[in-house]
Amino acid sequence: MAKVIVVTSGKGGVGKTTSTAALGAALAQRNEKTVVVDFDVGLRNLDLVMGAERRVVYDLVNVIQGDAKLPQALIRDKRLDTLFLLPASQTRDKDALTPEGVERVMAELKKHFDWVICDSPAGIERGATLAMRHADIAVIVTNPEVSSVRDSDRIIGLLDSKTERAERGDRVEKHLLLTRYDAARAERGDMLKVDDVLEILSIPLIGIVPESTDVLRASNIGAPVTLADSRSAPALAYLDAARRLTGETVPMTIPGEKRGLFGKIFGRRAA
Amino acid sequence: MTKVLTDTRSIRIKGRSFLALVLSPEPPLDGWLARLDDLASRSAGFFLGRPVVLDVADIEIDRAQLKNLIDELGKRNVRIMGIEGGRPSLFEPGMPPAMRGGRPAPDVEVPTLEAGADAKAAGNNEAAAVPQLEQQSARAISSIVIREPVRSGQSVIFPEGDVTVIGSVASGAEIIAGGSVHIYGTLRGRALAGSVGNSSARIFCRRLEAELLAIDGVYKTAEDMAPNLRGQAVQLWLEGDSIMAERLN
């Protein structure tokens with residue numbers, strides 16, 4: 001049974017696209033058929049991070065408007081044959097997305113894939129609400145600073161009211177992915193600590209990705225960070241997060257803090 | 001010139017409900033106006049001193065017709081305080097404002113021929129309307145309980161009574177209660193208690209980090225709050241025109 005994940009945040013620049021690519025590649029590496037869908041119509045970036053920008057012919061909007069068939073628009077990754085990309089259109093805007101069209105495309109993707117990962121645009125308007133509309137699971141990407149946390153809180157409220165699941169009286173499974181975390185700065189008080197963020201948002205934590213130059217390097221060479229260097233600290237964090245998404249229990253570590261020094265950092269979970 | 005902005009007295013803003021008469025014109029408008037004249041002849045002063053709202057949701061009307069209708073009603077001494085159910089394009093400056101969010105109330109009895117064609121009928125109606133209102137407010141004392149966090153951007157509005165939240169109220173969220181507000185968690189957003197004019201309403205929270213607090217229209221922003229209350233379990237109430245606070249143990 002296919003699972004639809006939305007990667008969302010409200011705020012821009014927190015790492016939604018990076019996380020979509022990294023989680024998508026991590027799930028595909030487990031031999032599960034995965035597609036990453038770019039909902040950021042007009043400001044697409046996922047194709048660059050996936051290194052597929054020179055192979056885009058048709059896009060999501062073409063499929064929605066019936067100008068192309070879904071298999072024509074899907075781009076298979078050159079490194080992993082279980083990983084696919086459905087790019088967004090760069091020449092259109094979010095009004096080109098229709099609720100009916102998105103519903104049709106999502107239904108078709110669910111037939112062919114194990115995981116459908118939707119990369120939401122920033123904001124709370126049409127693009128973002130349509131990206132979350134059909135989600136079973138939401139990954140809320142948050143930076144450890146107050147504006148990002150408040151925007152994430154707003155998005156969680158929308159996930160509980162504007163999604164198809166919420167309208168059926170069901171719930172979207174929500175997970176917090178804390179990105180660009182710097183333990184030293186959090187300790188100095190320049191950044192919110194993990195516990196502060198968890199206390200405010202009160203949703204379970206799925207991973208802590210450290211601030212790292214590896215992320216930028218991976219984007220520049222057009223590879224998801226989990227494929228570019230699977231030994232790097234951010235890659236390890238994303239690989240663990242992907243395992244947790246599939247239901248495995250993996251002990252949580254805070255990057256930059258010495259392992260085992262504090263017993264409480266293992267199995268950290270919020271209500 | 002510098003203005004002194006340090007006056008600590010705050011401006012009081014209150015909510016109040018009135019029972020408005022709602023007129024729903026039916027086409028053809030000429031015929032409807034004639035029937036209105038007929039009603040007025042039976043009971044002079046029926047609309048006098050009463051708030052009247054014009055409901056145009058069910059009729060096809062353009063701006064010129066609406067303007068004309070308001071003028072016609074004005075000639076009959078019926079002054080419209082607001083228009084309900086109109087498209088934004090219907091309005092122009094100088095017209096009564098658009099109204100939204102009205103709650104239905106029982107039909108107001110229109111004086112009939114049998115009830116007597118004098119002003120006494122109007123008096124009777126007024127007498128009948130008042131106990132009805134009191135009955136409503138007596139029945140309305142109630143409360144709601146919210147069992148999950150109130151997220152940024154969400155607002156809980158409950159003029160009928162108390163609001164209890166089992167969880168936190170996020171920065172950018174608001175709770176507006178006719179009665180008291182109880183937060184079993186951290187209050188980071190806004191809490192407005194006694195919003196329909198209830199000075200005995202209180203605010204309780206397990207941890208105070210609020211952006212704004214108000215009781216019966218008297219408000220305090222985060223800036224005006226005593227710093228030693230931050231992060232504490234606190235209750236707030238009103239004494240005269242000032243909000244008092246005390247730590248809960």
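Biologist: How many residues does helix H13 of chain A have, and what span does it reach from its first C-alpha to its last?

Modeller: This is a predicted model, where local features need pLDDT of at least 70, side-chain atom pairs count only at pLDDT 80 or more, and totals for chains, interfaces and linings use all residues. Residues are numbered from 1 along each chain as its sequence is written, chains are lettered from A and ligands numbered from 1 in the order written, and side-chain values use heavy atoms, without hydrogens and water. Helices (H or I, at least four residues) and strands (E, at least two) are DSSP runs, numbered from the N terminus. H13(A), residues 233-245, is close to the expected 18 Å, which is 1.5 Å times one less than its number of residues; it has 13 residues and reaches 19 Å.

Biologist: How many residues of H1(A) are buried?

Modeller: Buried means under 20% relative accessible area, exposed over 50%, partly exposed in between (1.4 Å probe, protein chains only). H1(A) covers residues 16-29. It is largely enclosed by the rest of the structure, because the buried count is 13 of the 14.

Biologist: Is A:Arg180 buried or partly exposed?

Modeller: A:Arg180 sits in strand E7 of chain A. It has a positive phi of about 55°, although it is not a glycine. Its relative accessibility is 38%, so it counts as partly exposed.

Biologist: Where is A:Ser202 found?

Modeller: A:Ser202 is not a glycine either, yet its phi is positive, about 40°. Its relative accessible area is 25%, so A:Ser202 is partly exposed. Its place is the loop between helix H10 (194-201) and E8 of chain A.

Biologist: Which residues touch the most other members of the largest nonpolar core?

Modeller: A nonpolar core is a set of buried Ala, Val, Leu, Ile, Met, Phe, Trp, Tyr and Cys residues joined through side-chain atoms within 4.5 Å. The largest one has 53 residues. Those touching the most other members are A:Val35, A:Phe39, A:Leu86, A:Leu109 and A:Val116.
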